[in-house]
Amino acid sequence: MNHNWDVVIVGGGLSGYVAANYAARTDLSVLLLEKGKVVGGRARTNKVKQQYLNLGPHALYKNGKASTILKELNITLHGQSPKLDGNLIENNLEYPAPFTPLNLFTTKLLNGKERIEWMRLLLKIMSVNPDKLEKKTYSQWVSDVTHSKKVEQLLYTLGRLATYSHAPEKMSAKVMISHIKIATKGVLYLDGGWQTIIDQLHNKAILSGVQVQTQTAVRQIELLKEEDQVKLVTSSNEEIIAGNVIWTAGPQELEGMFLDKNISFLNEMTAIKGAALDVALSQLPIPKKLFAMDISDPLYYAVHSAYARLSENSNNVVLHVFKYHHPDEQIDSTHDNILLEQFLDKLQPGWKQYLITKRFLPHITVNQRLPQLGDKQKLSALKSSLPRIYLAGDWASSDSILAEGAVSSGKQAAEELILNEKREKRAN
Ligand SMILES: Cc1cc2nc3c(=O)[nH]c(=O)nc-3n(C[C@H](O)[C@H](O)[C@H](O)COP(=O)(O)OP(=O)(O)OC[C@H]3O[C@@H](n4cnc5c(N)ncnc54)[C@H](O)[C@@H]3O)c2cc1C
């Protein structure tokens, strides 16, 4: 392998591949290193017994930054948007979810006063400018806008649905509201799963000359004298010299990379996590029941194959059940597995007779950073303390998370790098 590159990208997930595709539009030499055997990171889809299982429920915002950037890179996004109806559960009783105009007026989940308040708040969310909420947590914003316990529960449920965050008292209102705004414009479930995005990004990157090396973990980074090059050491003690590095792996791992730097913010970050139960069935006991969330317990259920092709056999069903973890919670995996199966028992009694395959992921990181107040300043201080190292990934953007953050920060890192390279060339 060549040991001298203009750009080395660490991590072969969504962010790394988006960065690679933008960097490859120039004449810079680009190497992408991925520690896993396969690429894709958390956007991987596993084919199990002819069923396509994403790592937990994955829905791409239809009108967000990620889909815009992916389209700009000529990535095709095949799939359909789920309908917004479905049920919300309170004290074991199911009610139509007040997310569609019809359900809004008819659901018995809300009394007259709550119904009007909920409608008012949905309109408010559409019109509010998230930038004005920079100094508030989501729970502060919620307590400013409603005194109704039920409406508060609905706002928290909508927040979990849009961002997977179950810590409203920590979560930035700005990030939460901006994501709810995009989520309510619709999402896409993708045919073949999110792997189809990764495969297209990978193929385009290779055709544009990017070299991809799997099973190569970076374990140390050192800024060389005069700060014009970076040395990376891999797990097999290979040394690679790079003009620039785009780091898209996790923040905690980055903390341990440098011999000479102590970056406490990286360690302070809390991730958004959850437990996922991914299930494939030969049929659904109750075919019409496609979506449900509990409003007091942080539980989610959705049948993704009702809208996307996720099986080699179109009669089969792929669904996801999910528990949103609180960051301070002590995780009991056995309990969570039982809880998710019981939730599914209630919604689809007898599902186990039709089981093709199931997979339980007890403690999966959905987003590497739970956005909190003051993160913007800390992130920008962190970025400027690491010359020649560009940060990307779902934790590295101050205003976006999930695929929105991963994709937009990947593009931004590549563009900043290209601009700096041009400036340097002009200066020399
Ligand atoms: C259960 C679940 C549900 C989700 N649902 C949604 C959703 O509905 N909508 C949405 O927008 N997003 C969703 N996401 C989030 C989305 O999948 C991620 O935000 C996105 O895939 C992250 O991409 P990334 O490139 O930032 O990180 P990753 O995918 O984690 O990629 C980082 C890569 O770096 C590699 N790596 C790590 N350390 C090293 C090292 N030292 N050297 C080399 N390589 C290294 C890793 O192996 C990995 O492949 C969900 C995630 C999960 C887990």
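This report describes a predicted model of a protein with a ligand, moving from the ligand to the cores and then to single residues.

## How to read the model

Because the model is predicted, local features need pLDDT of at least 70 and side-chain atom pairs count only at pLDDT 80 or more, whereas totals for chains, interfaces and linings use all residues. Residues are numbered from 1 along each chain as its sequence is written, and side-chain values use heavy atoms, with hydrogens and water left out.

## The ligand and its shell

The ligand is surrounded by 34 residues, where a residue is near a molecule if one of its heavy atoms lies within 4 Å of it. The closest of these residues are Glu34, Arg42, His58, Ala59 and Glu253. By type, the shell divides into 18 nonpolar, eleven polar and five charged residues; here Ala, Val, Leu, Ile, Met, Phe, Trp, Tyr, Cys and Pro count as nonpolar, Asp, Glu, Lys and Arg as charged, and the others, Gly among them, as polar. Helix H1 (14–23), strand E18 (355–367) and helix H13 (402–427) each supply at least two residues of this shell, with helices (H or I, at least four residues) and strands (E, at least two) being DSSP runs numbered from the N terminus.

A polar side-chain atom of Glu253 lies 2.7 Å from a nitrogen atom of the ligand, and a polar side-chain atom of Tyr164 lies 2.9 Å from a nitrogen atom of the ligand. For Arg42 it is a polar backbone atom that takes part, at 2.8 Å from an oxygen atom of the ligand. Taken alone, the ligand exposes 1,000 Å², and the protein buries 95% of that, with areas from the Shrake-Rupley method and a 1.4 Å probe; for residues, only the protein chains shown count as cover.

## Two nonpolar cores

A nonpolar core is a set of buried Ala, Val, Leu, Ile, Met, Phe, Trp, Tyr and Cys residues joined through side-chain atoms within 4.5 Å, and buried means under 20% relative accessible area, exposed over 50%, and partly exposed in between (1.4 Å probe, protein chains only). The largest such core has 59 residues, and those with the most contacts inside it are Leu88, Trp118, Tyr138, Trp141, Leu155 and Tyr300. Helix H7 (residues 173–183) gives the most to this core, with seven residues. Apart from it lies another core, of 40 residues, which includes Val18, Ile198, Val210 and Ala413.

Leaving aside neighbours within four places in sequence, Trp141 is in contact (heavy atoms within 4.5 Å) with Lys124, Ile125, Leu133, Lys136, Leu155, Ala173 and Ile177.

## Buried residues in helices and strands

Arg115 has its place in helix H4 (residues 112–127) and counts as buried because its relative accessibility is 15%. Its side chain reaches the backbone oxygen of Phe105 at 3.2 Å, while the backbone oxygen of Leu104 lies 2.9 Å from a polar atom of the side chain of Arg115.

Leu190, in strand E9 (residues 187–190), is buried, with a relative accessible area of 3%. Not counting residues up to four places away in sequence, Leu190 touches Leu77, His78, Gly79, Ile197, Ala308, Arg309 and Leu310. Glu90 lies in strand E7 (residues 87–90) and is buried as well, with a relative accessible area of 15%.

Most residues other than glycine have a negative phi. Asn74, although not a glycine, has a positive phi of about 65 degrees; its place is in the loop between helix H2 (65–72) and strand E6 (79–80), and at 58% relative accessibility Asn74 counts as exposed.

Phi of Gln215 is also positive, near 55 degrees. Gln215 sits in the loop between strand E10 (211–213) and strand E11 (218–223), and it counts as exposed because its relative accessibility is 53%.

Methods
A polar contact is a pair of N or O atoms within 3.5 Å; within protein, one must be able to donate a hydrogen and the other to accept it, and residues adjacent in sequence count only if both atoms are side-chain atoms.
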